Amino acid sequence: PMVVFYLRVAHRFRPVNRDLQRLESVSRSPLFAQFSETLFGVTTIRAYGDSQRFVDSSLKFINESNRAFLSIHTANRWLQI
């Protein structure tokens, strides 16, 4: 009975895990894009003294990315029990 239950849960978990991985990669993309833009425009950002806005924006993207990562990590750990 426990094996059947585990197989049912694993079968339902696969599509959810796939969606969580997609959400993680989608949430990571803006972070990498902004990091790349910041590296290329660092002299302009410093010239206008606008570095705090970029730091705040980066922290927002990091928090969103971490939220998606923690969701997928929690789901994976739950299935491993």
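The model you are looking at is predicted, so local features need pLDDT of at least 70 and side-chain atom pairs count only at pLDDT 80 or more, while totals for chains, interfaces and linings use all residues. Residues are numbered from 1 along each chain as its sequence is written, and side-chain values use heavy atoms, with hydrogens and water left out.

Is serine 65 buried or exposed? Serine 65 has a relative accessible area of 10% and is therefore buried; the term means under 20% relative accessible area, with exposed over 50% and partly exposed in between, using a 1.4 Å probe and protein chains only. Setting aside neighbours within four places in sequence, serine 65 is in contact with Ser27, Arg28 and Leu31, where contact means heavy atoms within 4.5 Å.

Now widen the view to the rest of α3. The buried residues of this helix are Phe61, Ser65, Ala68, Ile72, Ala75 and Leu79, and they pack against α1.

With 30 residues at 1.5 Å a residue, α3 should span 44 Å, and its end C-alpha atoms are 43 Å apart, which agrees. The expected span is 1.5 Å times one less than the number of residues.

How do the two helices sit against each other? Helix α1 covers residues 2-40 and helix α3 residues 51-80; they pack at an angle of about 165°, with their axes 9 Å apart. Each axis is a line fitted to C-alpha atoms, for helices over the stretch in contact, and the angle runs from 0 to 180 degrees between N-to-C directions. The pair is therefore roughly antiparallel, a term for angles over 145 degrees. By class, the contact of α1 with α3 has 17 nonpolar, 10 polar and three charged residues. Here Ala, Val, Leu, Ile, Met, Phe, Trp, Tyr, Cys and Pro count as nonpolar, Asp, Glu, Lys and Arg as charged, and the others, Gly among them, as polar.

On the α1 side, have a look at glutamine 34, which lies in that helix. Glutamine 34 is buried, with a relative accessible area of 7%. Not counting residues up to four places away in sequence, glutamine 34 touches Phe54, Ser57, Ser58 and Phe61. Alanine 10 is also found in α1, and at 12% relative accessibility alanine 10 counts as buried. From alanine 10 to arginine 53, 43 residues along the chain, the C-alpha atoms are separated by 43 Å.

Back in α3, isoleucine 62 counts as partly exposed at 34% relative accessibility. Isoleucine 62 and phenylalanine 32 are 30 residues apart in sequence, and their C-alpha atoms are 9.8 Å apart in space. Serine 71, which has its place in α3, is partly exposed as well, with a relative accessible area of 35%. Between serine 71 and glutamate 24, 47 residues apart along the chain, the C-alpha separation is 8.7 Å.

Notes. Helices (H or I, at least four residues) and strands (E, at least two) are DSSP runs, numbered from the N terminus. Angles under 35 degrees count as roughly parallel, over 145 as roughly antiparallel, 65 to 115 as roughly perpendicular and the rest as oblique.
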